[in-house]
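Have the sequence and the 3D view ready, and let us walk through them together.

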Amino acid sequence: MTELRAWTDGACSGNPGPGGWGVLMRALDGDRIVKERELHGGEPATTNNRMELMAAIAALEALSRPSPITITTDSAYVKNGVSTWIKGWKTNGWRTADRKPVKNVDLWQRLDEAQARHKVTWAWIKGHNGHPENERADELARTGMAPFK
């Protein structure tokens with residue numbers, strides 16, 4: 001059975017500053033790579049958190065039909081937000097527990113909509129720790145940022 005996996009990363013030169021996001025997507029049959037796709041993009045003035053969110057959004061929006069997928073991120077912000085905080089934010093009208101507006105609400109809402117079409121398993125990995133797929137996602141994020149530096 002084919003398994004879909006995506007490794008995502010965001011990068012920013014300055015925070016805020018020029019930023020990029022990258023995604024390495026693979027369809028796997030056991031340990032064998034059946035198909036691989038790389039995505040990247042960027043913005044001239046953004047934050048690291050926005051680029052981390054955009055990477056996850058891009059991975060989900062790249063899927064042409066509802067699919068089970070595991071998304072691995074090195075961003076605790078994305079992992080905790082999508083796994084825990086988002087439920088409360090939605091209940092509170094997109095406000096935090098202390099009633100402040102959620103930062104990056106436009107992207108959180110877009111991510112929420114994108115993941116609703118799929119069966120997503122979220123995983124976290126320590127960044128810049130020699131994990132080949134995470135390192136490739138980081139390279140792609142820097143490629144996405146390059147035109148804006």
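Which residues in helix 1 are buried? Keep in mind as you look that this is a predicted model. The buried ones are Arg 50, Met 51, Glu 52, Leu 53, Met 54, Ala 55, Ala 56, Ile 57, Ala 58, Ala 59 and Leu 60. That makes eleven of the 14 residues, so helix 1 is mostly covered, given that buried means under 20% relative accessible area. You can find this helix at residues 48–61. From its first C-alpha to its last it reaches 20 Å, close to the 20 Å expected at 1.5 Å a residue.

In soluble globular proteins, nonpolar side chains tend to be buried together. Here, the largest nonpolar core has 30 residues, and the members that touch the most others are Val 23, Trp 108, Leu 111 and Trp 122. Two or more residues each come from strand 2 (17–29), helix 1, strand 4 (68–73), helix 2 (76–91), helix 3 (105–116) and strand 5 (119–124). Helix 1 gives the largest share of this core, with nine residues.

Not counting residues up to four places away in sequence, Leu 111 touches Leu 53, Ala 56, Ile 57, Leu 60, Val 82 and Trp 122.

How do helix 1 and helix 3 lie relative to each other, roughly parallel or roughly antiparallel? Their axes come within 9 Å and cross at roughly 25°. Angles under 35 degrees count as roughly parallel, and therefore this pair is roughly parallel. Helix 1 passes helix 3 in a left-handed crossing. On the helix 1 side, the contact is made by Arg 50, Leu 53, Met 54, Ala 56, Ile 57, Leu 60 and Glu 61. Helix 3 contributes Asp 106, Leu 107, Trp 108, Arg 110, Leu 111, Ala 114 and Gln 115.

Gln 109 is partly exposed, with a relative accessible area of 34%.

Our last stop is a loop. Gly 127 sits between strand 5 and helix 4 (132–145). With a relative accessible area of 19%, Gly 127 is buried. Leaving aside neighbours within four places in sequence, Gly 127 is in contact with Asp 74 and Asn 134. Gly 127 and Asp 9 are 118 residues apart in sequence, while their C-alpha atoms are 8.8 Å apart in space.

Note on methods
Residues are numbered from 1 along each chain as its sequence is written. This is a predicted model: local features need pLDDT of at least 70, side-chain atom pairs count only at pLDDT 80 or more; totals for chains, interfaces and linings use all residues. Side-chain values use heavy atoms; hydrogens and water are left out. Helices (H or I, at least four residues) and strands (E, at least two) are DSSP runs, numbered from the N terminus. The expected span of a helix is 1.5 Å times one less than its number of residues. Buried means under 20% relative accessible area, exposed over 50%, partly exposed in between (1.4 Å probe, protein chains only). A nonpolar core is a set of buried Ala, Val, Leu, Ile, Met, Phe, Trp, Tyr and Cys residues joined through side-chain atoms within 4.5 Å. Contact means heavy atoms within 4.5 Å. Axes are lines fitted to C-alpha atoms, for helices over the stretch in contact, and angles run from 0 to 180 degrees between N-to-C directions. Angles under 35 degrees count as roughly parallel, over 145 as roughly antiparallel, 65 to 115 as roughly perpendicular and the rest as oblique. A crossing is left-handed if the near helix is turned anticlockwise from the far one by less than a right angle, and right-handed if clockwise.
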